[in-house]
Amino acid sequence: MRDLAMDVLTWDRFYLSGRLQKPVHVLVDNWDIRKVNSINLEMATSASLLLLPAEFTEYDLYAQICSLSYMGDLRMLFAEDKDKVKKIVEGSFQSFQLMYSPLLQEYIAEGLLKTSSHGQYKTFRQDCGPCTTNELFSVLPWTIQSQMQGRHTLHGKEVPPRTVVSSKEMAANCVRRALRHRVMVSSVRQAVCGLLASGGAVAAQYLGKKMAKAWRSRVP
């Protein structure tokens, strides 16, 4: 449970934290993980806003949040349905709304987002200026922020590192690079663990079924 809380708060491995950014059914919660996970949801929203353009729909936002934990996943290249993210979002759209609507209302109240209704989904507009970008970036876990920190001096004395983000593109590239690395490492670790736990024959059979399913999703 400590490892779970640590991953949720720091995205250290971005494995369980990535899963908890999507709708799940909690059976037992002795550690009040729902409350801890609210921080994870806010970080996922901020990361997704940095990756999205100035104007996007509610569906685009949930699809971006959902895809965070698949960035860099080697299995997505050959062993997963290419429409996996789309199916998750479309099948759980109302659950995503229940999870993220309170956060979106806060962002709207703070002036970070503006909303309008056009067509099937709500449309959002965000400020892509450096002030808003730095505010969104400051919400991310320190494991992400630390990649863009430097040392600064004040009156000749060294002060603690602080995050420096000069543009939305720079922040988005930092998020993209960090998550791809974490997800790639986690996906390889899980594949190796599966192989060792189930044995070569069972793992090969499972992989064959996954690849066949992935192939069918790519063939017209």
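**Entry 1: helix H4**

I looked up which residues of H4 are buried: Glu-58, Tyr-59, Leu-61, Tyr-62, Ala-63, Gln-64, Ile-65, Cys-66 and Ser-67. Buried means under 20% relative accessible area, exposed over 50%, and partly exposed in between, with a 1.4 Å probe and protein chains only. Helices (H or I, at least four residues) and strands (E, at least two) are DSSP runs, numbered from the N terminus.

I note that this is a predicted model, where local features need pLDDT of at least 70, side-chain atom pairs count only at pLDDT 80 or more, and totals for chains, interfaces and linings use all residues. Residues are numbered from 1 along each chain as its sequence is written, and side-chain values use heavy atoms, with hydrogens and water left out.

H4 is largely enclosed by the rest of the structure, because 9 of its 10 residues are buried. I then checked the partners. The buried residues of H4 pack against H3, E1, helix H6 (84–91), H7 and E3. Contact means heavy atoms within 4.5 Å.

**Entry 2: the sheet**

I traced an open sheet of 3 strands, in the order E1-E3-E2, with antiparallel pairing. Strands E1 (55–57) and E2 (113–118) are at the edges with a single partner strand each, so one side of each has no neighbour in the sheet. Neighbouring strands are turned by 25 degrees against each other on average, direction ignored. Axes are lines fitted to C-alpha atoms, for helices over the stretch in contact, and angles run from 0 to 180 degrees between N-to-C directions.

E1 pairs with strand E3 (residues 121–126) over 3 bridges, in the antiparallel sense. Two strands pair if DSSP finds at least two bridges between them. Thr-57 stands opposite Thr-123 in E3. Helix H4 (residues 58–67) packs on this sheet and touches E1 and E3; its direction makes about 85 degrees with that of E1.

**Entry 3: the pocket lining**

I turned to the lining of the second largest pocket and sorted it by class: 13 nonpolar, 4 polar and 4 charged residues. Ala, Val, Leu, Ile, Met, Phe, Trp, Tyr, Cys and Pro count as nonpolar, Asp, Glu, Lys and Arg as charged, and the others, Gly among them, as polar.

**Entry 4: Met-1**

Met-1 is in the segment before helix H1 (2–10). At 48% relative accessibility, Met-1 counts as partly exposed.
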